[in-house]
Amino acid sequence: KIYASDHSQEMLNTGLEFRPPEITSRVESFRASAFELPLEDNFVETVFCIRLIHHMGAKEDRQRLLQEFHRVCSKSVIISLWVDGNFKGWKRKRSESRRANHSYQNRFVFPAKSIEKEFNKAGFRITAKLDSIPWYSMWRTYILQKCQVKP
């Protein structure tokens, strides 16, 4: 069984629209905030979160999200985000420094060491790091294993 959730029903509809019936027949979708999932503790084996956390500039929001994922998963989280230490991250930092208006920003490149500490603080151990295009792309996918006792 696959449980799909998003704050936007339109995003859920789009995500399921072009999938084959053998996939969509296994999907149960529901609208919800990622900060408050209407699921019991340890409800799913793995949480897969793509293209969300790089929109969260506040550390408190990321911790709240990670704690909710820790609550609802029984084993692991697979999460993608933007990290520094690559060509595209360097280019983005350079272009942002030249930008005149910094009053609103909705995408963030995280220092890899900082976000990895946040994963640990939320009760996860990193089991793998997968870069989209090593040394070039900002996209990194982490596979996190849930620690039963938070550090």
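1. Start with His54. This residue sits in the loop between strand S3 (44–49) and helix H3 (59–72). The model is a predicted one. Is His54 buried or exposed? His54 is buried, because its relative accessible area is 0%, and the cut-off for buried is under 20%.

2. What surrounds His54? Set aside the neighbours within four places in sequence, and His54 is in contact with Leu81, Trp82, Asn106, Arg107, Phe108, Phe110 and Trp139. There is also a polar contact with His55. That contact runs between the two side chains, at 3.5 Å.

3. Arg51 deserves a look for its backbone. It lies in the loop between S3 and H3, the loop that also holds His54. Phi of Arg51 is near 60°, a positive value, and the residue is not a glycine. Most residues other than glycine have a negative phi. Arg51 has a relative accessible area of 53%, so it counts as exposed; the cut-off for exposed is over 50%.

4. Trp135 also has a positive phi, about 70°, although it is not a glycine. Where is Trp135 placed? It is in the loop between strand S5 (124–131) and strand S6 (139–146). Its relative accessibility is 73%, so Trp135 counts as exposed. When checking the backbone by eye, look at Arg51 and Trp135.

5. Cys49 is buried, with a relative accessible area of 6%. Cys147 is in no disulfide either; here the nearest cysteine sulfur is again that of Cys73, 10 Å away. Those distances explain the result, because a disulfide needs sulfur atoms within 2.5 Å. Cys147 is partly exposed, at a relative accessible area of 23%.

6. Salt bridges are another matter. The whole structure has 9 of them. One is formed by Arg62 and Glu118, with the closest N and O atoms 2.8 Å apart. Which parts of the chain does this pair link? Arg62 is in helix H3 and Glu118 is in helix H5 (residues 112–121), and the two are 56 residues apart. Arg62 is buried, at 6% relative accessible area. Glu118 is buried too, at 5%.

7. Glu116 forms a salt bridge with Lys129, and the closest N and O atoms are 3.1 Å apart. Glu116 lies in helix H5 and Lys129 in strand S5, so this pair ties together parts that are 13 residues apart in sequence. Glu116 is buried, with a relative accessible area of 18%. Lys129 has 44% relative accessibility, so it counts as partly exposed.

8. Asp131 and Arg140 also meet through their side chains, in a salt bridge of 2.6 Å, N to O. Asp131 is partly exposed, at a relative accessible area of 30%. Arg140 has 12% relative accessibility, so it counts as buried.

9. Which residues are linked in a network of salt bridges? They are Glu116, Lys129, Asp131 and Arg140.

Note on methods:
Residues numbered from 1 in each chain as written. Predicted model: local features only at pLDDT ≥ 70, side-chain atom pairs only at ≥ 80, totals over all residues. Heavy atoms only, no water. Helix = DSSP H or I, 4+ residues; strand = E, 2+ residues; numbered from the N terminus. Buried < 20%, exposed > 50% of the residue type's maximum accessible area, 1.4 Å probe, protein only. Polar contact = N/O pair within 3.5 Å; in protein donor to acceptor, adjacent residues only side chain to side chain. Contact = heavy atoms within 4.5 Å. Salt bridge = Lys/Arg side-chain N within 4 Å of Asp/Glu carboxyl O.
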